[in-house]
Amino acid sequence: MTANLHPNRGNARVTLIVLYAVLLIYAVVTLMPFIWMLITSFKEPRDVFKLPPSFVPKLLFTDHPFENYVEIWTQRDFVIYFRNSAFVSFMAAVGQVFATSLGGYAFARLDLPGKNWLFALVLVTAFVPVEVTIIPEFLIMRGLGWVDTFLPLIVPSFLVGAFGTFMLREYFASLPRDYGDAAYVDGATPFQIFWKVYLPLAQPALVAVFVIAFINNWDELLRPLLFLNSNELKTVPLGLMSFVSQYEASWTLLMAGSVISTLPLIIIYMLTQKYVLQGFVGGGVKG
Amino acid sequence: MATLSLHSIVKAFGKTDVIKDISLSVEDGEFVVFVGPSGCGKSTLLRIIAGLEDQTSGELRIDGQEVTGKEPIERGVAMVFQSYALYPHLTVFDNIAFPLRLKKNNKQEVKARVEAAAATLNLTDRLHHKPSELSGGQRQRVAIGRAIVRDPKLFLFDEPLSNLDASLRGAMRVELSELHQQLKTTMIYVTHDQVEAMTMADRIVVLNGGILEQFGTPMELYHNPQSRFVAGFIGQPGMNFIPATLIDMGAEQITAQFAGQATQNARVDAKGHSTGVSIDVGIRPDDLKLATDGAGFAVRVRVLERLGASTIVYGNLADDTPICAALDGLVKLQAGDQIALTVDPDAVHVFDTGGRALPRLAAPAL
């Protein structure tokens with residue numbers, strides 16, 4: 001009787017099992033490099049390439065299991081790199097939120113002649129490979145006397161950002177126009193409408209833009225490599241590079257450094273996951 | 001309080017005119033309702049008055065001052081939106097205080113005025129709630145509070161009750177009418193619901209396709225509609241329109257013949273028309289009675305709606321023209337019955353082929 005009432009229940013269960021199996025495989029493939037990175041960070045250098053590979057590092061069973069972490073943190077200037085990365089990434093992410101919220105709002109809500117063409121132009125910049133722009137960028141920064149400072153890594157983020165502008169334009173456009181009209185009738189200026197009404201409502205999208213910009217800048221290697229020379233200005237990716245040279249590589253230290261450098265991103269994402277998802281889904285504001 | 005006058009207002013979007021040469025004057029303290037079907041231009045006209053849209057041509061005066069090109073705040077208007085447009089991130093207090101804070105009023109004054117508005121609207125115990133925690137009626141009142149706290153010259157309402165359920169809508173209609181009596185401020189109210197228009201308005205503007213069909217008191221519109229459109233739009237259930245031919249014209253009344261050969265007299269002035277022309281005879285369902293003396297026209301009953309005090313009878317004439325009558329609540333009828341209905345010639349409306357009403361000779365004194 002029940003089977004007749006729910007003829008598809010058996011098929012649904014099979015579909016669910018297949019779905020979970022596929023997701024499990026995907027999870028293993030995705031997570032394996034991270035797990036291997038974590039395992040290697042607890043190994044001794046001689047065990048890194050040992051065959052068959054060991055999934056239980058020996059260092060864990062000694063009286064100094066965090067030896068690799070202690071070394072990079074105390075003897076390798078990693079604290080400085082970490083602090084520099086945090087500062088540069090935070091400032092650049094703030095810059096992205098500032099620039100793209102203004103741009104996204106203007107493209108979504110203001111009546112500007114030719115704004116759709118301008119928006120297309122901003123989007124096109126996302127498709128220009130960094131290799132094309134990096135040399136002119138370097139020449140500009142050198143001309144400004146900004147080489148070997150954090151400014152080349154921070155200031156451009158305050159000016160433009162194609163992805164953030166696109167995302168925030170869509171988000172602002174999804175918020176009801178009546179809010180702006182009501183505020184305008186009540187005497188708000190265009191900036192007050194942006195600042196007091198729409199910006200607070202775009203919080204999820206702003207958090208999403210901040211997190212994405214922070215991650216991108218945290219992982220950035222090319223620009224710090226090009227613009228930073230002094231050791232005290234180096235960022236985490238440059239610090240990690242120092243563990244690899246032409247003839248040898250300190251794999252265990254590299255992996256320990258990588259684990260440390262990955263942790264902030266994981267923590268930030270976990271704390272802001274709800275907002276980031278809302279930011280991508282769009283402005284379903286209730287009330 | 002303020003007067004409002006529109007002179008030859010035209011609004012075009014591209015090549016399409018959505019408002020076509022509308023002129024009207026609203027007196028100080030009046031409650032005027034713009035009513036019409038969807039797309040008739042009533043909301044656009046309201047947005048032009050608010051300053052949210054610019055008219056393509058024409059003059060707009062508030063208190064005699066030309067306000068075209070002026071910001072809404074300079075016009076002294078406040079507006080309540082269909083969606084309420086309450087800011088979801090702010091509390092009720094902050095929503096109502098929003099316009100006052102924009103004007104940089106001091107904190108004590110803001111608090112006093114918000115609390116006074118909240119007391120008027122029975123919202124005092126909701127001041128620290130977010131809009132998402134309120135019922136539809138409470139949200140509506142917050143939106144009204146945000147408007148009245150500014151003490152504007154002119155209130156504009158854009159279909160403010162359309163998101164409420166029927167019973168709450170009825171209660172809010174009464175509240176809004178009381179609010180108007182209390183504030184005595186000029187109010188312009190947009191709705192597609194003729195019941196709202198009839199029950200609340202001092203005067204009603206009926207719009208159709210961007211044209212002003214008629215501007216008058218609810219009773220003028222009901223008893224003396226100037227067009228077939230107004231006659232059909234005002235009144236519930238709607239007026240019956242029966243295609244007919246003008247067969248006789250007297251000084252006091254005319255005689256019309258329906259397609260099914262039945263005839264009906266009407267007390268209208270048919271000057272300028274001649275026998276043999278096509279007309280529409282308009283009869284309000286409330287004016288139809290069961291014929292007891294064999295007079296009237298035959299109707300086959302199709303459906304009955306018993307409302308208690310009255311029974312709405314849906315039927316067809318001999319030529320299949322649909323007809324609706326509002327009869328006594330206790331009338332003993334059932335679907336399929338053959339009945340005869342009659343109407344006093346004084347109550348009959350007649351419309352020419354262009355949809356214009358022929359003047360009634362026996363309309364009630366208003």
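Tutor: Rings of Phe, Tyr and Trp (its six-membered ring) pair if their centres lie within 6.5 Å; planes under 30 degrees apart count as stacked, over 60 as edge-to-face and the rest as tilted. Ring pairs like that link A:Trp73, A:Phe78, A:Tyr81, A:Phe82, A:Phe90, A:Phe210, A:Phe214, A:Trp218 and A:Phe243 into a cluster. Keep in mind that this is a predicted model, where local features need pLDDT of at least 70 and side-chain atom pairs count only at pLDDT 80 or more. Residues are numbered from 1 along each chain, and side-chain values use heavy atoms, without hydrogens and water.

Student: How many aromatic pairs are there over all chains?

Tutor: Searching the whole structure gives 31.

Student: What makes A:Phe191 and A:Trp195 a stacked pair?

Tutor: Their centres are 5.9 Å apart and their planes sit at 15 degrees, so the pair is stacked.

Student: Why does A:Trp195 count as exposed?

Tutor: Its relative accessibility is 51%, and exposed means over 50% (buried is under 20%, partly exposed in between, with a 1.4 Å probe and protein chains only).

Student: Why is the pair of B:Phe31 and B:Tyr189 called tilted?

Tutor: The ring centres are 5.7 Å apart and the planes are at 40 degrees, so tilted is the word. Both B:Phe31 and B:Tyr189 are buried, too.

Student: What lies over the face of A:Phe119?

Tutor: That's A:Arg169, at 4.1 Å from the ring centre. For a charge to sit over a ring, NZ of Lys or CZ of Arg must be within 6 Å of the ring centre and within 35 degrees of the ring normal.

Key. Chains lettered and ligands numbered in written order.
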